[in-house]
Amino acid sequence: MMIMIVLLIGILITGMGVAVLISPARLRWLLDWFLERKNFYWVAAIRIITGGVFILAAPETRMPTLILTLGVLFIAAGITILFLGKERIDRLAAWWLTQSNSILRLWALAAVAFGGLIIWCAV
């Protein structure tokens, strides 16, 4: 069951990357959504839960050490979001909003590769 959730997460990451490749405005919209106060906490919670899922599913994957490490990193990222606070996260998001479409597409390509790696590990 956990391996299917990891697969779904990989598909979602890949899909988001493809969406931003096609239209970087989608990332700008997502950042605006993220900056709303209540969503700020939801994103942190989702990252922490995702990390837990990765840790639990790691033994069932093709690369358990990688998935375990990613799980720990997801949890650390979620906790970091909470400790950075809204003001710092707002500044970081504002910086992302100033990036060119080419830079956003480059990061989207990295997201597609990252999601693909997760999918490969889960299949």
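By class, how many nonpolar, polar and charged residues does the lining of the largest pocket have? Keep that in mind for the first stop.

This is a predicted model, so local features need pLDDT of at least 70 and side-chain atom pairs count only at pLDDT 80 or more, while totals for chains, interfaces and linings use all residues. Residues are numbered from 1 along each chain as its sequence is written, and side-chain values use heavy atoms, with hydrogens and water left out.

**Stop 1: the largest pocket**

Select Met16, Leu27, Leu30, Val43 and Arg47. Of the 39 lining residues, these are the closest to the centre of the largest pocket. The space there is about 1700 Å³. A pocket is an open set of points on a 1 Å grid over the protein atoms alone, where a 1.4 Å probe fits, with protein on both sides within 12 Å along at least five of seven lines; lining residues have an atom within 4 Å of a point. The volume is the space filled by probe spheres set on the points, which are joined across faces, edges and corners.

Now the count: the lining has 34 nonpolar, three polar and two charged residues. Here Ala, Val, Leu, Ile, Met, Phe, Trp, Tyr, Cys and Pro are nonpolar, Asp, Glu, Lys and Arg are charged, and the others, Gly among them, are polar.

Colour the helices next. H1 (2-22), H2 (25-35), H3 (37-57), H4 (64-97) and H5 (101-122) each supply at least two lining residues. H4 gives the most, with eleven. Helices are DSSP runs (H or I, at least four residues), numbered from the N terminus.

**Stop 2: helix H1**

Select H1. Its 21 residues reach 30 Å from first C-alpha to last, close to the 30 Å expected at 1.5 Å a residue. The expected span is 1.5 Å times one less than the number of residues.

Select Ile3, Val6, Leu7, Ile9, Gly10, Ile13, Thr14, Gly17 and Val20. These are the buried residues of H1. They cover an arc of only 160° around the axis, so they sit on the same side of H1. The arc is that of the directions from the helix axis to the C-beta atoms. Buried means under 20% relative accessible area, exposed over 50%, and partly exposed in between (1.4 Å probe, protein chains only).

Turn to the face of H1 away from its buried side. Met4 and Ile22 are exposed there.

**Stop 3: helix H2**

Select Leu27, Leu31 and Phe34, the buried residues of H2. Their arc is only 60° around the axis, which puts them on the same side of H2.

**Stop 4: the salt bridge**

Which residue forms a salt bridge with Lys86? Select Asp90: the closest N and O atoms of the pair are 3.1 Å apart. A salt bridge is a side-chain nitrogen of Lys or Arg within 4 Å of a carboxyl oxygen of Asp or Glu. The structure holds one.

Lys86 and Asp90 are four residues apart in H4, so about one helical turn separates them. Lys86 is buried, at 18% relative accessible area. Asp90 is partly exposed, at 26%.

**Stop 5: pairs across the sequence**

Select Ile89, in H4. Ile89 is buried, at 5% relative accessible area.

Finish with Ala122, in H5, which is buried at 14%.
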